[in-house]
Amino acid sequence: MTQIIDGKTLARTLEADVAREVAALDSMGAAPLLASVQVGPSPAVELYIRHQARAAERTGIAFRRIEFAADISERQLQREVERLSQSSEITGVMLQTPLPPHISVRAVRRALDPWKDVEGVHPANLGWLLSDRPGLVPCTAAAALECILSTGVELRGKEAVVVGHSETVGKPIALLLMERLATVTVCHHGTADLLQHVRRAEVLVVAVGRAGLVKCADLRAGAIVIDVGINEIECAGRRKLVGDVEADQAHEAAWITPVPGGVGPVTVALLMRNTLRAAARQIQTG
Ligand code: NAP
């Protein structure tokens, strides 16, 4: 019988720890302030912001929404992000994506101070993953790892397979797994036989954004399956959210994250943890 990794419960536990540390920082007069930067209207972004604002409230982190018009230029947005990075009041900046097509997310991210990049996806934070210098770890990759560790598995020596090699999710989770001495295979659209890798995975992380990419029947018995993907599909005339792994209780995986309610809430909790860490570091470095 497959067990569900309950992301909501895990997130509440992580948030409770963050809230205690935020209260301690507050008492030193150093309250974290998370700025959410949004460009143009987007229902998906509104949903993310709602979740983030609620988590900020639960953890005692101040949350400020900053909105720019959809026709802002890339250069202007970079300048605004630089300005927020220089603010002594704002301790963390969350750049909400997707951005309008005329703006490169990478270019705007580079304008952020890495220690205010609470999503952990600035090139410096990604680079620090390769060394022992502590930066801000990418939230979604860290959330996938938290979900895996919550099962109590010892990762050393495990066959781990990551499907998807994006720089913000797939690559960082592969590095985090490797750090824990799992043997990691990373699959992408150039992989010749995806199924062969999926079938032998003891730990499988799927982060692609394609509903039904991985079928339950193809999972290895006893596998831990982390479904990072979020896809909106039409089902019986209604829109619903599903992951990349076909949802079916009849498979033999030992553990699986649901969508929604798996990696997503944990990612938001770790965004709060990064916001706390960023604020704490800013106090230390003056
Ligand atoms: P992305 O940047 O679009 O990356 C998708 C990756 O999947 C790419 O590396 C792509 O490889 C690979 N891919 C595409 N088709 C494939 C196939 N048939 N077989 C194997 N690999 C394939 O997306 P992302 O930002 O990493 O996000 C991935 C998914 O996670 C999305 O559904 C996103 O919504 C979700 N997500 C969830 C959270 C959360 O908190 N739960 C956070 C972030 C993202 P190529 O580049 O080689 O084509």
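Helices (H or I, at least four residues) and strands (E, at least two) are DSSP runs, numbered from the N terminus. The structure described here is a predicted model, in which local features need pLDDT of at least 70 and side-chain atom pairs count only at pLDDT 80 or more, while totals for chains, interfaces and linings use all residues. Residues are numbered from 1 along each chain as its sequence is written, and side-chain values use heavy atoms, with hydrogens and water left out.

We can begin with the ligand. The shell around the ligand holds 19 residues, and His165, Ser166, His189, Ile230 and Thr267 come nearest; a residue is counted as near if one of its heavy atoms lies within 4 Å of the molecule. Helix α9 (residues 263–284) gives the largest share of this shell, 3 residues. By class, the shell has 8 nonpolar, 10 polar and 1 charged residues. Here Ala, Val, Leu, Ile, Met, Phe, Trp, Tyr, Cys and Pro count as nonpolar, Asp, Glu, Lys and Arg as charged, and the others, Gly among them, as polar.

Some distances between the protein and oxygen atoms of the ligand can also be given. A side-chain N or O atom of His189 is 2.4 Å from an oxygen atom of the ligand, and a polar side-chain atom of Ser166 lies 2.5 Å from a ligand oxygen. From Val228, a backbone N or O atom lies 3.5 Å from an oxygen atom of the ligand. The ligand taken alone exposes 930 Å², and the protein buries 69% of that (accessible areas come from the Shrake-Rupley method with a 1.4 Å probe).

Helix α9 also meets helix α6 (residues 139–149): their axes come within 8 Å and cross at roughly 120 degrees. Axes are lines fitted to C-alpha atoms, for helices over the stretch in contact, and angles run from 0 to 180 degrees between N-to-C directions. The contact (heavy atoms within 4.5 Å) includes Cys139, Ala143 and Cys147 of α6 and Val263, Thr267 and Leu271 of α9. In this contact there are 9 nonpolar, 3 polar and 2 charged residues.

Finally, the backbone has a few details to look for. A cis peptide bond with omega of about 10 degrees joins Thr97 and Pro98, and Pro98 sits in the loop between β4 (92–95) and α4 (105–110). The bond from Val259 to Pro260 is likewise cis, with omega near 0 degrees, and Pro260 belongs to the loop between β11 (255–256) and α9.

Methods. A polar contact is a pair of N or O atoms within 3.5 Å; within protein, one must be able to donate a hydrogen and the other to accept it, and residues adjacent in sequence count only if both atoms are side-chain atoms.
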